[in-house]
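Subject: Handing over the structure, with notes

Dear colleague,

Here is the structure that I am handing over to you, together with its sequence. Please have both open while you read the notes that follow.

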Amino acid sequence: MGSKYLPRSVKVVSNKIESADTFSIVLDWKIKHDPGQFVQISIPGIGEAPISIASYSKKHIQLTIRKVGNVTNSLSKLKKGDRVFVRGPYGSGYPLEEVKGKDVIFIGGGCGVAPLKGGIEYLEKYRKHFGEVFLFVGYRSPGDILFEDKHDDWKKDFHLFVSVDKLPSKTCYSGNVGFITELVENQKFTAKNKVVFMCGPPIMMEKTIEILKKKGIKEDQIYVSSERLMYCAFGLCCHCMIEGKLTCLDGPVFKLSEVKNF
Ligand SMILES: Cc1cc2nc3c(=O)[nH]c(=O)nc-3n(C[C@H](O)[C@H](O)[C@H](O)COP(=O)(O)OP(=O)(O)OC[C@H]3O[C@@H](n4cnc5c(N)ncnc54)[C@H](O)[C@@H]3O)c2cc1C
């Protein structure tokens with residue numbers, strides 16, 4: 001048990017390379033959490049980083065991490081059996097209980113698909129409580145695609161759309177090429193009874209929001225994830241404040257009608 005404010009040492013169960021710059025670690029940590037929440041993970045002497053939970057399981061926690069700096073590069077070197085410090089979970093995630101009965105649309109770009117995966121696994125578990133489910137996931141190139149081994153399972157339960165921005169020369173890939181926004185635009189769905197959860201680069205989210213609005217989807221049907229820099233993660237440092245709200249407490253998942261500059 002223990003306090004969610006204190007780091008605890010947990011064992012690494014596995015570390016898998018997902019793409020050239022992204023890896024997934026599974027931690028031996030049985031902790032109650034909501035899809036879309038995040039944890040603070042740290043290595044003594046290196047530092048701490050907020051990372052979203054990319055799974056929905058009672059047995060473990062999966063984190064999918066892009067190597068961008070000191071902490072994330074050090075985390076990428078963890079091996080099975082190593083120990084790492086974690087605290088949390090923090091924040092308010094996807095309100096999936098509240099939206100039972102609705103059609104759900106997940107739209108993710110790059111590493112932003114990681115937090116959505118926790119929500120997707122929740123929907124797989126409680127599939128019959130939801131209407132139609134659409135998953136739109138976009139990546140820079142075929143080599144950047146995350147969780148490809150899950151696609152067949154996802155296709156059984158959901159409408160899955162995958163796209164890559166461009167095809168490097170001599171790449172063998174038969175999937176869709178173009179921005180994921182184009183696939184969202186081309187899909188014929190009505191706004192009625194829909195709820196949208198989005199996570200990805202701000203430019204992708206902004207373009208997608210324009211498209212969704214043209215389809216009649218209102219701001220209070222759209223949830224966006226914010227990855228504002230933060231330190232404490234429990235509302236003390238206020239580093240992650242957006243428009244009077246704290247990403248660590250009120251977010252990282254916000255209704256678009258409540259926060260504009262995510
Ligand atoms: C709620 C939340 C959830 C997150 N979930 C994930 C996740 O699931 N997977 C994942 O890979 N990353 C996630 N991130 C981002 C992750 O926390 C940062 O990439 C990490 O802190 C970088 O630490 P570092 O020491 O490796 O890099 P640093 O050396 O600290 O930074 C490297 C570069 O990235 C920039 N940078 C670092 N963090 C951020 C940020 N949050 N926003 C914009 N620029 C930043 C720095 O300014 C610098 O230019 C999340 C962030 C938040 C706030």
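Predicted model: local features only at pLDDT ≥ 70, side-chain atom pairs only at ≥ 80, totals over all residues.

Where is the place of Pro252? It is in the loop between strand 14 (245–246) and strand 15 (253–255).

**Backbone features**

Gly251 and Pro252 are joined by a cis peptide bond, for which omega is about 10 degrees. Another cis peptide bond runs from Gly88 to Pro89, with omega near 0 degrees, and here the proline belongs to a strand, namely strand 6 (residues 83–90).

In soluble globular proteins, nonpolar side chains tend to be buried together. In this model the largest nonpolar core has 30 residues, and those with the most contacts inside it are Phe106, Leu123 and Phe197. The elements that contribute two or more residues to this core are strand 7 (103–109), helix 2 (113–125), strand 8 (133–139), strand 9 (159–164) and strand 11 (194–199), and among these helix 2 gives the most, with 6 residues.

Phe130 lies in the loop between helix 2 and strand 8 and is buried, with a relative accessible area of 7%. Although Phe130 and Val99 are 31 residues apart in sequence, their C-alpha atoms are 8.0 Å apart in space. Not counting residues up to four places away in sequence, Phe130 touches Leu96, Val99, Lys100, Gly101, Lys102, Val104, Tyr122 and Leu123.

**A buried serine**

Is Ser163 buried or exposed? Ser163 has its place in strand 9 and counts as buried, because its relative accessibility is 0%. Its side chain makes a polar contact of 2.9 Å with the side chain of Asn176, and the side chain of Ser163 also reaches the backbone oxygen of Gly178 at 2.5 Å. Both partners are among the residues that Ser163 touches when those up to four places away in sequence are not counted, a list that also includes Val137, Tyr139, Tyr173, Phe179 and Leu183.

**The cysteines**

How many disulfides does the model contain? The count comes to 0. For Cys232, the closest cysteine sulfur is that of Cys237, and the two sulfurs are 3.8 Å apart, which is too far for a bond because a disulfide needs the sulfur atoms within 2.5 Å. Cys232 counts as buried, at 12% relative accessibility, whereas Cys172 counts as exposed, at 81% relative accessibility.

**The ligand**

The ligand is surrounded by 19 residues, of which the closest are Pro50, Thr64, Arg66, Thr72 and Glu227. An oxygen atom of the ligand is 2.5 Å from an N or O atom in the side chain of Thr72. Backbone atoms also take part, for a ligand oxygen is 2.9 Å from a polar backbone atom of Val71, and a ligand oxygen is 3.2 Å from a polar backbone atom of Gly69.

Taken alone the ligand exposes 890 Å², and the protein buries 69% of that area. The elements that give two or more residues to the shell around the ligand are strand 4 (47–52), strand 5 (61–66) and helix 1 (70–76), with the largest share, 4 residues, coming from strand 4.

With best wishes

Note on methods:
Residues numbered from 1 in each chain as written. Heavy atoms only, no water. Core = buried A, V, L, I, M, F, W, Y, C linked by side-chain atoms within 4.5 Å. Buried < 20%, exposed > 50% of the residue type's maximum accessible area, 1.4 Å probe, protein only. Near = heavy atom within 4 Å. Polar contact = N/O pair within 3.5 Å; in protein donor to acceptor, adjacent residues only side chain to side chain. Areas by Shrake-Rupley, 256 points an atom, 1.4 Å probe, with all protein chains shown as cover. Contact = heavy atoms within 4.5 Å.
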